Amino acid sequence: MAAFNIQEQLMWRGKIEFVIDQHQESQVPNGNKYASFEYKSGMDNGRTASSSDCEIQFIAHEDEDESHSNLLRRTTIGNGPPASVFDWTQEFDSDLTNQNANNQAFSRKHWRLLQCQNGLRIFEELLEVEYLPRSCSRAMKAVGVVEASCEEIFELIMSMDAKRFEWDCSFQHGSLVDEVDGHTAILYHRLQLDWFPIFVWPRDLCYVRYWRRNDDGSYVVLFRSRVHEKCGPQPGYVRAHIESGGFIISPLKPCNEKPRTQVQNLMQIDLKGWAVGYVSSFQQHCLLQMLNSVAGLREFFSQTDERGAPPRIPVMANMASASAPSKKNVKLQESSVHPTPPLDQNNAASRHSVMDEDTDDDEEFPIAEDEQAFRTKHENDAKRTALEEEPVDQIDLSCFSGNLRRDDRDNARDCWRISDGNNFRVRSKRFCFDKSKAPAGKHLMDLVAVDWFKDTKRMDHVARRQGCAAQVASEKGLFSVVFNLQVPGSTHYSMVFYFVTKELLPGSLLQRFVDGDDEFRNSRFKLIPSVPKGSWIVRQSVGSTPCLLGKAVDCNYIRGPKYLEVDVDIGSSTVANGVLGLVIGVITTLVVDMAFLVQANTTEELPERLIGAVRVSHIELSSAIVPKLGSDPS
């Protein structure tokens, strides 16, 4: 908390980790192979004391395959991205740390090498981006290696003072519009583009910038344009639009005792304009000029010994007035803006924090006494699993209906279908021993209907609605689990999934979840998301790693006579609200898979089984209806 800058902060971190390592070495001789000694840095909070939420990443990594499983360090600085920022790096980060071997979102097939320029590799995204205007370019990125530490590069990127002229050839002017918190700020940026400047108007930007530090020492800086009342259109400038962009700053192995860092700069921008904005050569030339900043960083550090200067961003004058001053007469006041936020440890145990998912955050796995004991338990559990998967009389689905139609065709739109359980990997029977995962297989319950609602207020306890699938199932003696995903906004939306089974197996993990208390439910309720179709940026934002929803957002559990409804209030988390709010904005272009399950923590509970899984395709906001819920009897 007292660290003045990142270097001093890392020095303290190294000392603390040294003590942890000593503790680890003292534990090994005792034979307690799976003892868990966790270090949770207060840096995980990532928000300033004035922030309404103290939470960490909404889409957090699960089950990290660390070589030392008894030492789990949580040192990521920074929350999940705020509203209006796509986190296009999330799954790529997990690839770098081998935390998700089956993650294909950053597959090489989605990028092609466009050219090599100034010692950089320039890539272009291959995916079709249907929803972007014609004037908006495909996403492009530059990848290069800089001989400097991640911290030095990060601090240089964060600054927008005169030093930026030494490495960023597209920079003309930058200033701070508003600082949201220690990780998020609104910036004004004027571009210096050299494509026929006599005939082409200059461009400027107003965008939100968000940063975080990952536990592997890498940094992520994200950009996306937004409208701000203090930063209106400026005379003589065309306001360009950043669809998404930013930097990934990742450490590499040093060479000749010199630090090396891989820097990736991604940008997808619409330069606007009524004429030249549609000229492809203009778009590509300007975009390459902006991406060339990576080469500028490399040359800057190779030719200077200056290190570690604190980043500075001039504070911007009020630009909301229509009569904005000319750029020659504007005198901007400078203030020092440090990227390292105050660290508030008082709220570290806040319920609204989303834990870094190695999801065993609050408990340790019980370890079988020996392999024979495990085999015995495995045989007994295999019989129980086989019993659960025995063919039973199929449920008649014709009597169930929802306002969102089912369509099993691959190219269908504004519909849902059942997603194959083998598309998701869950904890296997041997997870306690080797953290292995396996395809989920058959679902425990049948998805019979999906409702797509909207209203001016949040919709709670939708299972009470007369004629809904849960009520029909209750009349037929069936049991239902209802998941109501609530997305807030000026118009509130709810997507409701109805899963039905004939009966719950007594003593099963699902039965314990249904009849357990809210504390148990919150510690076990898990969602696995995936975006098989959509722009690369959105796929990076959503990710595909499991998340304990009960610890990420507020979940309200309503136990009816023949159903359990789980109302998932996305609006209770700033981070989760931001991520899903972004998805809502381009939902018509997406195909989204979601799997719901109860997390298994012990050898008796393993392997994990899906309650059910669903795929929703190209949902239209206009197809949502206002439900008639009536009065809530509860």
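The following exercises, each with a worked solution, concern the predicted model shown above.

Residues are numbered from 1 along each chain as its sequence is written. Local features need pLDDT of at least 70, side-chain atom pairs count only at pLDDT 80 or more, and totals for chains, interfaces and linings use all residues, while side-chain values use heavy atoms, with hydrogens and water left out.

**Exercise 1. State how many helices and strands the protein has, and what share of its residues is buried.**

Step 1. Helices (H or I, at least four residues) and strands (E, at least two) are DSSP runs, numbered from the N terminus. The protein has 13 helices and 26 strands.

Step 2. A residue is buried under 20% relative accessible area, exposed over 50%, and partly exposed in between (1.4 Å probe, protein chains only). Of the 634 residues, 57% are buried.

Step 3. Contact means heavy atoms within 4.5 Å. Among contacts with a separation of 6 or more, 72% come from residues 24 or more positions apart.

**Exercise 2. Determine how many residues of helix α3 are buried.**

Step 1. Helix α3 spans residues 150–158.

Step 2. In this helix, 9 of its 9 residues are buried.

**Exercise 3. Count the salt bridges, and describe the pairs formed by arginine 239 and arginine 458.**

Step 1. A salt bridge is a side-chain nitrogen of Lys or Arg within 4 Å of a carboxyl oxygen of Asp or Glu. The count by this rule is 23 salt bridges.

Step 2. Arginine 239 and aspartate 204 form one of them, with N to O at 2.9 Å. This pair links distant parts of the chain, 35 residues apart: arginine 239 is in strand β10 (residues 238–239) and aspartate 204 in strand β8 (residues 203–213). Arginine 239 is partly exposed at 23% relative accessible area, whereas aspartate 204 is buried at 1%.

Step 3. Arginine 458 and aspartate 569 meet at 3.0 Å, N to O. Here the partners are 111 residues apart, arginine 458 in the loop between β18 (446–455) and α8 (469–475), and aspartate 569 in strand β24 (residues 563–569). Arginine 458 is partly exposed at 41%, and aspartate 569 is buried at 14%.

Step 4. Salt bridges that share partners also join Arg405, Asp407 and Arg409 into one network.

**Exercise 4. Identify the residues nearest the centre of the second largest cavity.**

Step 1. On a 1 Å grid over the protein atoms alone, a cavity is a set of points where a 1.4 Å probe fits but cannot get out; lining residues have an atom within 4 Å of a point. There are 7 cavities of 30 Å³ or more.

Step 2. The second largest cavity is lined by 15 residues, of which Arg164, His189, Phe223, Met267 and Met290 lie nearest its centre. Two or more lining residues come from each of β7 (184–191), β8, β11 (241–255) and β12 (258–270).

Key. On a 1 Å grid over the protein atoms alone, a cavity is a set of points where a 1.4 Å probe fits but cannot get out, and a pocket is an open set with protein on both sides within 12 Å along at least five of seven lines; lining residues have an atom within 4 Å of a point. Grid points are joined across faces, edges and corners, and a volume is the space filled by probe spheres set on the points.
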